[in-house]
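These entries record what I looked up in one structure.

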Amino acid sequence: MFECKTFISVREIKEMLCVSESKAYSIVRDLNKELEDKGYLIIPGRVSRKYFEERFYGVEQDTVKEEKHASE
């Protein structure tokens, strides 16, 4: 099965931030609303990984480290 790296899912946000599923959905809704207000098309239940990493300081570095360790 193809794993999409362009978008981050609720499940991934839940695990990455150690929050409940309902909080992860809330984060996705808020970020998607911001993107929609800027004129972007959105996918409910997923948000741009790049935008998520921009809005959550420090997440990008942790993600890069995890991917590097996984490939070793």
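For the neighbours listed below, I counted two residues as in contact when heavy atoms lie within 4.5 Å. The model I examined is predicted.

Entry 1, a buried side chain. I looked up Asn 32, which lies in helix α2. I recorded Asn 32 as buried because its relative accessibility is 5%, and buried means under 20%. Leaving aside neighbours within four places in sequence, I found Asn 32 in contact with Ile 42, Ile 43, Pro 44, Gly 45, Arg 46 and Val 47. For Ile 43, I noted that its backbone oxygen lies 3.3 Å from a polar atom of the Asn 32 side chain.

I then turned to helix α1 (residues 10-17) and helix α2 (residues 21-37), whose axes come within 9 Å and cross at roughly 115 degrees. The crossing of α1 past α2 is right-handed. On the α1 side, I listed Val 10, Ile 13, Lys 14 and Leu 17 as making the contact; on the α2 side, Glu 21, Ala 24, Tyr 25, Ile 27 and Val 28. I classed seven of these contact residues as nonpolar, none as polar and two as charged.

Is Arg 55 buried, partly exposed or exposed? I found Arg 55 partly exposed, at a relative accessible area of 45%; Arg 55 lies in helix α3 (residues 49-55). Beyond its neighbours within four places in sequence, I noted contacts of Arg 55 with Leu 31 and Glu 34. Arg 55 and Leu 31 are 24 residues apart in sequence, and their C-alpha atoms are 8.5 Å apart. With Glu 34, the Arg 55 side chain makes a side-chain polar contact at 2.9 Å.

Definitions and conventions: Residues are numbered from 1 along each chain as its sequence is written. This is a predicted model: local features need pLDDT of at least 70, side-chain atom pairs count only at pLDDT 80 or more; totals for chains, interfaces and linings use all residues. Side-chain values use heavy atoms; hydrogens and water are left out. Axes are lines fitted to C-alpha atoms, for helices over the stretch in contact, and angles run from 0 to 180 degrees between N-to-C directions. Helices (H or I, at least four residues) and strands (E, at least two) are DSSP runs, numbered from the N terminus. A crossing is left-handed if the near helix is turned anticlockwise from the far one by less than a right angle, and right-handed if clockwise. Ala, Val, Leu, Ile, Met, Phe, Trp, Tyr, Cys and Pro count as nonpolar, Asp, Glu, Lys and Arg as charged, and the others, Gly among them, as polar. Buried means under 20% relative accessible area, exposed over 50%, partly exposed in between (1.4 Å probe, protein chains only). A polar contact is a pair of N or O atoms within 3.5 Å; within protein, one must be able to donate a hydrogen and the other to accept it, and residues adjacent in sequence count only if both atoms are side-chain atoms.
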